Amino acid sequence: MSQTPSQSGSSKGALRHEWVLLMVVALEWLYFNSVGPRFGTLENSFDILRHSVEIGLLALVMTPIIISGGIDLSLGSLLGLCAVVFGKLWRDGGFSPAAAATCTLALGAVAGGLNASLITWLRLPPLIVTLGTYSLFRGLAEAITHGADTFTNFPDAFLALGQERFLGVPTQAHLFILVAGVMWLLLHRTTLGRTVRAIGFSPEGARHAGLPVGRRLASVYVLAGLIAALAAIIYTARLGQARADAGTGYELFAITAVVLGGTSIFGGIGTLHGTLLGIAAIAILNNGLVHARLPREAAGVLTGALLLLALSGTVIPQLWNARRARRRRHPAPASPSSPP
Amino acid sequence: MSAPLLQLRQLTKSFGGARALRGVDFELHAGEVHALLGENGAGKSTLIKIVTGAHQPDSGSIALDGHRVGTLDPATAHALGIACIYQQPALFPALSVMENIALRLEPVSPGRRVDWRQRRDRAAALLQRLGANIQPDATVSTLSMPAQQLVEIACALGAGARILLMDEPTASLTQSEQLRLFAVIRELRRNGVGIIYISHRLEEIFSLADRVTVLRDGQSVGTHATSAIDEPALIRLMVGRELTQIYPPAGSVPGRVILAARELGHAASGVHHVSFEVRAGEVLGLAGMVGAGRTELARILFGLTPADAGEILLEGKRAAIRSPREAVAEGIGYVPEDRRRHGVILEMPVAENMTMAIHPRIFPGGWLRFGRERALALDYIRALDVKCAGPEAVGSSLSGGNQQKVSLARWLVTKPRVLILDEPTQGVDVAAKGEIHRLVRRLTQEGMAVVLISSDLTEVIGMCDRIGVMRGGTLVSILPGRTDAHAVMAAALGQGPMAGGSA
Amino acid sequence: MSRHFREISVVAALALVLIGLAFAAPGFFQPQPLLSLVTREAPTLVVASGMALVIICRQIDISVGSQFAVCGVLTGLLASLGWPVATLVPAAIAAGAVLGAVNGTLVAGLQLPSIVVTLATMVTWREALRWWRQGEFVDLPVKLQWLGLSQRTGQWLLVATALMVLVVLALGLRHLAAGRHCYAVGADAEAARLAGLRPRRVTFLAFVLVGALTGLATILNVLQSPQVDPKSGTGLELKTIAAVVVGGVSIAGGRGSLWGVFAGLLLLACVSPALTHLRVEAYWEKAIQGLIILLAVLADGVRMRKTGP
């Protein structure tokens, strides 16, 4: 029919959702720009960017996980664990920041691999597995720091990653754009994305088609762990300190951004650009309310309300699909066949 | 004559824009088995769902014993003595047998106290009436499909159902289980129960039903006494044209051995010591009762449950098949029995479904090539005459037969050496059934080896060059094609009288 | 036997831990600290009972922590206005029920996925509370703590209340038709509908009930301290879900019992004091709780594999 082949079964509904969200973002921007004189400045835009990179990274990698029909509650805790391990390696282990960062990234991948192996090999429900590792990772971070230790006094060269600019924009923005670009390609232009989508719609269906279900699923969780470690390093650089409570609650913000971006919690449906818009909508709201001299807490309330609104708008067609899927156990409603 | 037990007048029902029923009249008398016949999508399932209250009609009237009923929801339908045995049992898999029965029989009133002893006794009594050896405490998910169906019937019996709807109840049953079911149905009929019986199998309808109503495109095209009509006439009514020949003649000469199994087994699924060969251009049928291990064997060959004994040889070379992926790489394709859950991903477009098994080949390096994919899909849509809005149409928008063709196309694009078809024509309308049969013939003429699993004996006999019969998890004999049905049945049941159904 | 495998294994694990402690750290079994421990967990037990109910219905409620905070602050404010306890209890329960009804309406009425709905309400209630109170503690009238009784009597009273709620709910789930309806809806909502049940109503009521129980739990909390912390209840959702899962309730709905949840909660609650008595740093608590959750779910997984799909 159309010139460009569709990405997913329900791309039409998803597309509409993303346009609406784009308008919400634009309206937010226009409104805050009109009430807060400093809101529209370049400096403030960079500020928004800096503050949303870590949660944004988690949301980017959370997207394929949710599309696969899973969820990862452990990413915020993993961020905390990675931040602490990074600080420990640098301060007590005598590692250079670069070496410590490499080890931290490896740790993130291994931690993601723990989730992945429990979920794919043993076929345990992701919600519970990552609830367990949510507690485990945070607990390890607390055990390493004895609950109170804070790592500070990182070298300036390292802090530049979180606080300075490179080529005119905040340094971490480059990393974010790189990750976002790679994730977009993976999700929308490769067989990995196609397979993850198929798994989200029907894991057994994907297996019967000969798709490498376990391997693809595992790679998505390992990738999430790796990027959570990257987020931990950026977080540490931005704040100049690493503590065991780093990233508390980030997983929920990330999930919020993903779902706000139109990804179905039932799996199968969702886009990366939707997630980017979801991140933008939340980040601008958080920052703009301060400029509009409104209490910061309003951002949370509005985010919650926005999420419910977005859901009500998108879930109806999905609900229809899910119902049809549920009817598979019973005879399907008949539709008239074309005359022979 | 007294008022009919159930009378439907001018029922209409639409889903979105699609009109599933366009003014259907239907009558059911007490003590009657009334068959409902029609191609897929003719409106049978919708009619059933209206009678059970799962759907509300857009217009038309429903009368019981001559009294018109207003809206019929599941609760009222249940209270009026209407019960339905679905194709796949609609039980609660996580709950026990007795609780499943109790949920249908006990009043809904939430404040009531539950009497567990009574629940157990009642379940045991009902199951005994059916001659079923099922523990009331057993969790339903641990039961076989026929056993689950018996639990369903026990529910209906216990409810004292006056109207019993059966939607392809024999689809997953084998001959002996069918016979037991038929005995139960006849017993119910003697007790004055009205039974609406849906089936694609004409011989069942003729042996069981008193009258038959044929639906076509959401309309009733006639009700006849089964004694006053014959098979060709019924088929004519269903499709609106005469099908000259049901099974295309075999035209190929089997060549070299493609697939061979040696002492193949998988302990957990009960398959053991299976040995056979399939040649190029040959259709090997697999007959047997449900639970005989046919689907389980297919799953072993396709790597879904890898073998833990014996070996698989492909063109003489030993093949280690530990996952569907490796099976695909070895040139094995598998069209599964449950098309809607395993055969196609309903939410995804036709094109994506068709290319799903050849990602490495059509998308080198993992990069999607939309143009290539679309072209390939268009080719196969044309070749198999898939009726759909285009390669972008999602699977759920297709009728059952067309979904089956998409499921077939997914494997044809892999150019397999061996194609395993598991109940490929189950729940598929007559026209699509014929097309699938002709396609199988064409593939074998091109040199493909085909393994055809079917519970439809006439299909096995009509289509296969040789017929392997399975019983108790192993292949008990291999008969030549065009055998008579009795020989196949005798082999499937074992010699002499059978004590119940051996698992 | 095999039907109750999970419950039995949790109780066995709990017994093992307690026996181990009896040898390694007999100090753990002093009555007063033990009573204090159980009293601290009493509100969690009440919320966990409700959470189990929701999960049996194949839903989840991650907003209980925020509901807990909102109800707590409301109760505290009413108490400081001089409301007697007899009116505070129904007020807290009603407030919780209303919050639960919001979730219930969205989940059952609009058929939205519960995990996202309650994620949204969790954020909304929590931030609205922060906006309103700006993090201010609510001071409670002095005579409210322990109902003006001695600490010991008060503690016994609270524990008894929580246990009563547990027993009533557990019996209701097993022996009332309404309880069995929860299992049916959780096992298969569509089949439940075909059997004449009303899955949406059951789901709605489950959310209302978990809200009401959360309201009741705040009373059990408020009576223990001189102030109400507006941040109370943070992490309560994950704590209760953990107890429910460890206790053998299937996250896929339709399976599990409150006795298992009770044992699961005790097992998780034992970790922290046990660590203290074993002279292990208390910071390991979360890590060990995480391991317990993973072990529980591993046991489920291994069992599932054995019995086959």
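This is a predicted model: local features need pLDDT of at least 70, side-chain atom pairs count only at pLDDT 80 or more; totals for chains, interfaces and linings use all residues.

Residues are numbered from 1 along each chain as its sequence is written, chains are lettered from A and ligands numbered from 1 in the order in which they are written, and side-chain values use heavy atoms, with hydrogens and water left out.

Let's start with a sheet in chain B. Strands of a sheet pair through backbone hydrogen bonds, either parallel or antiparallel. Here, 6 strands make an open sheet in the order 6-7-8-3-9-10, and the pairing is mixed. Helices (H or I, at least four residues) and strands (E, at least two) are DSSP runs numbered from the N terminus, and two strands pair if DSSP finds at least two bridges between them. Why do strand 6 (82–85) and strand 10 (219–225) of chain B each have one side without a neighbour in the sheet? They stand at the edges, each with a single partner strand. Neighbouring strands of this sheet are turned by 20° against each other on average, ignoring direction. Such angles run from 0 to 180 degrees between N-to-C directions, and the axes are lines fitted to C-alpha atoms, for helices over the stretch in contact.

Now zoom in on strand 7 (residues 163–167) and strand 8 (residues 194–198) of chain B, which run parallel and are joined by 5 bridges. B:Leu164 sits opposite B:Ile195 in strand 8 of chain B. Two helices of chain B also pack on this sheet. Helix 5 (residues 145–158) of chain B touches strand 6 and strand 7, and its direction makes about 175° with that of strand 6. Helix 6 (residues 175–190) of chain B touches strand 3 (33–38), strand 7 and strand 8, at about 145° to the direction of strand 8. Touching, or contact, means heavy atoms within 4.5 Å.

A search of the whole structure turns up 8 cavities of 30 Å³ or more. On a 1 Å grid over the protein atoms alone, a cavity is a set of points where a 1.4 Å probe fits but cannot get out, and lining residues have an atom within 4 Å of a point. The largest cavity holds about 230 Å³, a volume being the space filled by probe spheres set on the points. Its lining has 16 residues, with B:Ile82, B:Ala83, B:Cys84, B:Arg104 and C:Leu194 nearest the centre. Which element gives the most to this lining? That's strand 6 of chain B, with 4 residues.

Back in chain B, a second open sheet has 4 strands in the order 12-11-14-15, with antiparallel pairing. Strand 12 (271–279) and strand 15 (317–319) of chain B are its edge strands, each pairing on one side only. Strand 11 (residues 257–266) and strand 12 of chain B are joined by 6 bridges, and B:Ala261 has B:Phe276 in strand 12 as its bridge partner.

Last, two residues. B:Ser407 lies in helix 15 (residues 400–412) of chain B. Is B:Ser407 buried or exposed? Its relative accessible area is 1%, so B:Ser407 is buried; buried means under 20%, exposed over 50% and partly exposed in between, with a 1.4 Å probe and protein chains only. Leaving aside neighbours within four places in sequence, B:Ser407 is in contact with B:Val335, B:Pro336, B:Gly343 and B:Val344. A:Gly210, in the loop between helix 9 (203–208) and helix 10 (213–239) of chain A, is buried too, at 10%.

Technical notes:
On a 1 Å grid over the protein atoms alone, a cavity is a set of points where a 1.4 Å probe fits but cannot get out, and a pocket is an open set with protein on both sides within 12 Å along at least five of seven lines; lining residues have an atom within 4 Å of a point.
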